[in-house]
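Please examine the sequence and the structure shown here before reading on.

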Amino acid sequence: VLILNFMKPQNLIIGLVIIQLVLIFSSFSILLVMSLQEEDFADYVNTAGKNRFYTAIILHELDEFSNGIISESDVDSLYNEFYENILLLKNGGTIHEHELDPLSDIFYDDLILVENKFVEFHDIAELLKESKKTGEILPEIFYIEHQRVEVELLDASETLTVHITEEFEKTKHLQETLEIVLPILNGIVYVTMMYVIFRTLKKEGKQLQKLEKLYTIGQMASRLAHDLRNPITVIKASLDFLQMKYPEDKIIQERFVRMNCSVLDMNHIIEDVLEFAKAKELNLAKHSILKILSESVSSLNVPDGVVIELPKGDVEMNCDERKLQAIFVNLIVNSFDAMDNKGKITIKIDDESDFISIHISDSGSGIPEDIISKIFEPLFTSKNTGTGLGLGISKNIVEQHGGKLSVKNNPTTFTIKLPKK
């Protein structure tokens, strides 16, 4: 039910408008976030790259310090800058008047390795400075260890920079892809929405023209029906009088019978037109559906070659008894015609949670597929006689009850679905 309601044109348009707005807002938000991430990644790459620079500079400065060219404070100043650079990546901070978030956890292991190697490098440098002060000659193994830590610090810094750069390239590539895909998605939704709106307006326009035409026809037909009622009443009364005047003349009596049948047909047509032109209010009361069906069948002259199978179960509901009986009679008579007065009509009742469904099936050849979608349209008929209003009136009555009248083939089955409340 929810899917069917959503597929209604007006609901579909509202849904597409909401999707369009959400998509536009999401597109701007995603691209804005990714743009900010791009700026952050550029800062991360630059900051991580400085680690290699500081390592190389400190090595040079240590040589200068050993040769007495620079002071110990100059070396310490470089170490402090190096460590602050590591802490900026680890904890975040301000860089170029821009607030930088801590580096993502995916780089945590690389960053900790850089920090650990820096501490080792710093400890070795401290020993070198101490030996400079005391004049102690350090063993050869010290310089081998110093070179090892130096290489490992350079490698760790390089690895961190490469991993950040790779992630930056992925983010940049994704952003470029989204900058192409998101406008295309927006365009598809927009074109779809315009198409649905155009189709809906076109359909509603046709429906409005049709309703205006039907309204005009209904008004004219209603007036004609009222105007014809009086002459037909006079004709009927005259026929009744003549039948009583010539009771013994069989030939004349047969003609009177045929004339009476024609008058009755005209009265039925007038009733159909009046029913279609002006829908009356429902007279709701609690009734047995099986009883209404039984009375409908009893009121009919069922052909000898037709078998009608009534439902075994019953259900009660609030409905207009007379109008439901008119629907049942109309559908059953249509089945007579569809089966050429030979075959079986099966009627079933389904008691569902919120609805009651009445199925009327017949063993006829079925409704041609090219007209099945038109049979509920007013004035449409595939018969040589009739107004084409019967099914249209039946559909209106069912909808007055808040229900739905539908049809399908194999076998031909009309389903009346009525709400319990």
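Which residues are linked in a network of salt bridges?

## Basis of the description

The model is a predicted one, in which local features need pLDDT of at least 70 and side-chain atom pairs count only at pLDDT 80 or more, while totals for chains, interfaces and linings use all residues. Residues are numbered from 1 along each chain as its sequence is written, and side-chain values use heavy atoms, with hydrogens and water left out.

## The salt-bridge network

The network of salt bridges links Lys 117, Glu 120, Glu 145, Arg 148 and Glu 152, where a salt bridge is a side-chain nitrogen of Lys or Arg within 4 Å of a carboxyl oxygen of Asp or Glu. By this rule the count comes to 11 salt bridges.

Helices here are DSSP runs (H or I, at least four residues), numbered from the N terminus. Lys 117 is buried at 14% relative accessible area, whereas Glu 152, at 25%, is partly exposed; buried means under 20% relative accessible area, exposed over 50%, and partly exposed in between, with a 1.4 Å probe and protein chains only. Arg 148 and Glu 145 form a salt bridge whose closest N and O atoms are 2.1 Å apart, and these two residues, 3 residues apart in helix H5, are separated by about one helical turn.

## A link between H2 and H5

Arg 52 forms a salt bridge with Glu 158, with the closest N and O atoms 3.3 Å apart. This pair links distant parts of the chain, since Arg 52 lies in helix H2 (residues 9-66) and Glu 158 in helix H5 (residues 140-245), 106 residues apart. Arg 52 is partly exposed at 36% relative accessibility, and Glu 158 is partly exposed at 33%.

## Packing of H3 against H4

The axes of helix H3 (residues 72-91) and helix H4 (residues 108-134) come within 11 Å and cross at roughly 170°, these axes being lines fitted to C-alpha atoms over the stretch in contact, with angles from 0 to 180 degrees between N-to-C directions. H3 and H4 are therefore roughly antiparallel, a term for angles over 145 degrees. The contact (heavy atoms within 4.5 Å) includes Tyr 79, Phe 82 and Ile 86 of H3 and Phe 118, Phe 121 and Ala 125 of H4.

Methods:
Angles under 35 degrees count as roughly parallel, over 145 as roughly antiparallel, 65 to 115 as roughly perpendicular and the rest as oblique.
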